[in-house]
Amino acid sequence: MKPENRPVILLNPGPVTISQRVRASLAREDLCHREPEFAALTLDIKKRIGNVYEGCAADYEAALASGSGTCAVEAMLQSLAPRSGKTLVVANGVYGERMASMLEAQGKPFTLIKGGWPEPVNIAAAEEELKKDGCLTHVAAIHHETTTGRLNDCAALGQLCGKYGKGFFVDAVSSFAGEEIRFADWNVTALAATANKCVHGIPGICFVLARRDLMETGKTQASSLYLDLYKMYKEQKSGFSPFTQATHACVALREALEELEDQGGWKSRRARYLAISRRLRQEFAAMGIERFLPEEAYASYMSSFKLPEGKTYGELHDILKEEGFVIYAGQGGLYHSIFRIANMGDILDSDVDRLIGVFKTVMKG
Ligand SMILES: *Cc1c(COP(=O)(O)O)cnc(C)c1O
């Protein structure tokens, strides 16, 4: 049974179980997005986002958009992926392939390297394409491919971008604040992220960190008014946004960013995630639940496991739900073979103990 004094623990890769502190921040009076208090809040959030990674704020600036992580990725590609150039999408999962689908929907030229989902991103194939196809101007990739839990080698891809003089679009929706990101070394042009994954805010607000010089001098490539990053960037200089923002989600985001700072920033958060995920993988291995990827492939907080023999995802899910945990299914063709555990959010050691206990019972029964 789920204990009375704990919320349901979300072990899906976002949204996360938020802390009491972030939850409490929501119980306040309402905000109008056209009032100076809200502009001040937006400016404060932008500043804090820029300061999550050292050296980022000097050259990059955040533009906030109301929507889930996909909104940030789409706004980035809408506004920055060129019509008169071409984007090389290097994919190894659902989210990489989704970037290609966005470019297709936008009617923009792209080449997709569609890698196998359990495989690392194909750096050699990417370099081949960059050598061969003179039309390519940008590379797009996923940092943490949540489909499997693999942390992709953005350093290698970014270095290729530097070597061949290409721009680099990064979907860091599921890694921002939970993994190392080296904006300058990786030659990042723009990076998309969200409030409700490693940042531990609530869903509703997302952001793109883009090179400031590009935002100042570039021309939008968007065929959408709502998702135009340049429009957001320009208006948000004063803290105001073109359209109604998810005001409550902004309040929670500011609290979550302050909490992140108080807890020691992304490095401490990553260390905490790693401590839990390594423990889970060890304990699960001892119970005979096999990892889907090699240990070293995983991002800090994600694990994917082969479904135990004789158990469907649905059965496993329902038993855990009863005990106060939400686990996550495999996507697409992996639905019948794996399940996933994302240990982001406000998770206590006692929650982890309990989770392991439930799995032990399941495996014995
Ligand atoms: C979660 C996620 C997204 C965005 O998903 P939403 O459901 O729109 O929040 C995009 N990319 C990656 C890698 C993700 O993990």
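What distance separates the centres of domain 1 and domain 2, taken over C-alpha atoms? The first legend gives the value; every view is drawn from a predicted model.

**View 1. The two domains of the chain in the predicted model.** The domain assignment gives domain 1 as residues 9-16 + 264-363, and domain 2 as residues 20-262. Their centres, taken over C-alpha atoms, are 26 Å apart. To the contact between them, domain 1 gives 29 residues and domain 2 gives 29 residues.

View 2. Around the ligand are Ser 68, Gly 69, Thr 70, Tyr 95, Ile 142, His 144, Thr 146, Asp 171, Val 173, Ser 174 and Lys 197. By class, this shell holds three nonpolar, six polar and two charged residues.

**View 3. Side chains and oxygen atoms of the ligand.** In Thr 70, a polar side-chain atom lies 2.4 Å from an oxygen atom of the ligand. For Thr 146, the distance from an N or O atom of the side chain to an oxygen atom of the ligand is 2.4 Å. An N or O atom in the side chain of Lys 197 is 2.8 Å from an oxygen atom of the ligand. On its own the ligand has 390 Å² of accessible area, and the protein covers 84% of that area.

Methods
Residues are numbered from 1 along each chain as its sequence is written. This is a predicted model: local features need pLDDT of at least 70, side-chain atom pairs count only at pLDDT 80 or more; totals for chains, interfaces and linings use all residues. Side-chain values use heavy atoms; hydrogens and water are left out. A residue is near a molecule or strand if one of its heavy atoms lies within 4 Å of it. A polar contact is a pair of N or O atoms within 3.5 Å; within protein, one must be able to donate a hydrogen and the other to accept it, and residues adjacent in sequence count only if both atoms are side-chain atoms. Accessible areas come from the Shrake-Rupley method with a 1.4 Å probe; for residues, only the protein chains shown count as cover. Ala, Val, Leu, Ile, Met, Phe, Trp, Tyr, Cys and Pro count as nonpolar, Asp, Glu, Lys and Arg as charged, and the others, Gly among them, as polar. Domain bounds come from an automatic or database domain assignment. Contact means heavy atoms within 4.5 Å.
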